[in-house]
Amino acid sequence: MPDFKAPLRDLRFVLHEVFDAPALWARLPALADSVDADTADAILEEAAKVTSQLIAPLNRSGDEEGAQWHAGRVTTPSGFKQAYATYIEGGWVGLSGNAGFGGMGMPKMLAVQFEEMLYGANSSFALYSALSSGACLALDAHASETLKNLYLPPMYEGRWAGSMCLTEAHAGTDLGLIRTRAEPQADGSYQITGSKMFITGGDQDLTENIVHLVLAKLPDAPAGPKGISLFVVPKVLVNPDGSLGAANAVGCGSIEHKMGIKASATCVMNFDGASGWLVGEENKGLAAMFTMMNYERLSIGIQGIGCAEASYQSAVAYARERLQSRSPTGAMAPGKVADPIIVHPDVRRMLLTMKAMTEGGRAFASYVGQQLDLAKFSDDIGERESAQDLVALLTPVAKAFFTDTGLESCIHGQQVFGGHGYIREWGQEQLVRDVRIAQIYEGTNGIQALDLLGRKVLADKGLALRQFTGEIRRFAARPDAPYATQLLDAVQRLEDISDWLQDRAATNRNEVGAASVEYLHLFGYVAYAWLWARMAQVAGQKRSEDDSFYGAKIATADFYIHRLLPRILSLEQSIRAGSASLYGLSAEQF
């Protein structure tokens with residue numbers, strides 16, 4: 001299996017040259033004294049070593065061995081425990097965590113780039129700390145000071161892990177149906193009883209404690225989602241001084257046998273009168289949990305980018321070496337029995353699609369990270385609110401578009417290998433299996449599309465959308481903006497179809513569900529067009545410094561604009577076809 005190498009040059013290009021992140025950090029007081037360009041580069045350099053040299057070598061062996069369940073306990077594959085111990089020594093779990101509780105306090109723009117490296121190296125390994133980081137975010141935002149002081153320092157340190165316990169056998173997307181109960185106790189705690197499934201990292205042997213964030217209902221709770229509360233339920237009870245006490249009444253009933261991410265333990269968790277403590281207010285747990293879920297949605301989106309990058313690296317290396325047939329225009333390697341397959345148009349189509357979508361996703365993830373930093377750290381209330389609106393709008397796009405196109409890229413990578421892509425030793429089939437889950441968990445991509453169109457675009461009459469497209473229009477109006485004509489046409493199509501759907505949905509709500517997936521993809525392609533135009537602009541200004549690197553950026557941007565952006569034309573036509581054809585069959589006719 002080819003080695004994964006963190007794409008440092010590309011990451012720095014986006015961070016420093018496209019977005020000039022150090023200039024942003026310098027004007028945000030909370031970041032100005034803690035991070036600059038040199039600090040960021042040092043962190044990325046070390047992250048590249050950790051992911052490429054420590055974690056990536058465990059990817060295939062972890063897949064083959066998998067997580068194991070024996071008598072209620074989970075063990076991770078060989079090497080994971082030792083690697084995790086080294087990993088937490090670097091403070092990586094708390095990279096962007098609250099410095100007041102032991103986190104490093106680094107900006108989200110930096111964290112998303114680290115996460116891409118981590119997922120590209122080993123998605124299963126990445127998930128253990130990704131859930132911890134998200135749990136910390138929810139506790140930091142909603143828990144009492146007592147709970148934060150008790151739980152956050154060892155979680156940021158990585159000695160304790162976190163999990164998110166939402167789903168039950170009968171309740172997935174519709175969490176209002178959950179049956180897990182929370183009974184108040186005289187000492188202020190709650191007794192949690194119920195069963196949760198699909199719990200990533202619900203049990204493992206990497207940490208000395210696991211802090212479960214559990215959704216449950218109080219005895220007098222209102223029906224539906226308005227009656228859900230959030231509780232912190234540790235695997236091992238925690239004494240007031242922070243030391244560990246007795247085991248809590250929490251058990252792992254089994255782990256799932258999955259298509260991919262086999263080294264990540266996906267658990268059935270049983271809470272048999274376990275002690276828990278309320279996070280936030282009663283009956284407002286779903287809102288608190290969404291703090292974690294939105295973090296995880298961006299993180300899982302980045303899994304799509306990381307896997308696509310790993311697939312691309314392998315596919316390019318193979319295409320340069322594999323000899324098959326001659327170029328359509330004549331021999332390119334006359335001294336060899338055949339030409340490398342990278343000369344063939346269809347192979348180039350696949351590789352360029354992978355490259356364009358992965359690098360576009362990387363820029364989009366960094367842009368969302370930039371908005372998260374502004375929402376958290378800006379002193380300007382207007383700027384904070386604007387950034388918060390953009391984050392809400394763009395999070396479902398990031399989760400779904402990154403992962404839909406991430407799977408497409410991994411399949412392209414497998415296809416470049418031909419029959420060898422179907423064979424385990426080359427690594428491509430594992431990437432296809434591992435990335436597939438990313439379209440499903442943390443809210444299926446169909447749900448993300450409904451959220452984008454129904455809640456984020458139509459519900460506010462397109463105000464947040466216009467805020468985003470306005471930024472694109474301002475860029476396209478610049479005299480040095482490349483692809484301005486194509487960009488303005490694409491933005492106009494996005495705005496027009498949004499207005500058309502607003503009118504249609506007013507009289508037929510089926511139009512939202514019928515159009516939502518195509519709409520999200522159309523939105524994603526337009527957003528990537530803007531980001532590729534920005535990257536091409538920077539590359540054009542610097543091409544004389546490094547023609548190979550910057551010239552490749554310009555050529556890839558050209559491919560994207562002329563070969564991939566036109567996909568919005570068919571998406572638009574599908575949307576305008578309406579919902580009627582979806583209801584031409586009765587249920588019995590399927």
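**Close-ups of a predicted model**

**View 1. Y87 and its surroundings in the predicted model.** Setting aside residues within four places in sequence, Y87 is in contact with V50, L54, I55, W92, V93, F114, L118, F125 and S129.

**View 2. The largest nonpolar core, and a second one.** The largest core counts 153 residues, and the members touching the most others are Y87, F364, F468, Y519, F523 and Y560. Helix α17, running over residues 510–542, gives the most to this core, with 19 residues. A separate, second core holds 32 residues, F101, A143, M164 and L286 among them.

**View 3. Helix α8 against helix α10.** Here the axes of α8 (residues 123–142) and α10 (residues 285–321) come within 8 Å and cross at roughly 155°. Angles over 145 degrees count as roughly antiparallel, so that's what α8 is to α10. The crossing of α8 past α10 is right-handed. On the α8 side, the contact is made by S123, L127, A130, L131, S133, G134, A135, L137, A138, A141 and H142. From α10 come A287, A288, T291, M292, Y295, E296, S299, I300, Q303 and C307. Sorted by class, this contact has 13 nonpolar, 7 polar and 1 charged residues.

**View 4. A249, in the loop between β9 and β10.** A249 counts as partly exposed because its relative accessibility is 30%. Ignoring neighbours within four places in sequence, A249 is in contact with N270, F271, D272, G273 and A274. Zoom out to E572 and the C-alpha to C-alpha distance from A249 is 53 Å, with the two 323 residues apart in sequence.

Conventions. Residues numbered from 1 in each chain as written. Predicted model: local features only at pLDDT ≥ 70, side-chain atom pairs only at ≥ 80, totals over all residues. Heavy atoms only, no water. Axes fitted to C-alpha atoms, helices over the stretch in contact; angles between N-to-C directions. Helix = DSSP H or I, 4+ residues; strand = E, 2+ residues; numbered from the N terminus. Parallel < 35°, antiparallel > 145°, perpendicular 65-115°, else oblique. Left-handed = near helix turned anticlockwise from the far one by under 90°. Contact = heavy atoms within 4.5 Å. Nonpolar A, V, L, I, M, F, W, Y, C, P; charged D, E, K, R; others polar. Buried < 20%, exposed > 50% of the residue type's maximum accessible area, 1.4 Å probe, protein only. Core = buried A, V, L, I, M, F, W, Y, C linked by side-chain atoms within 4.5 Å.
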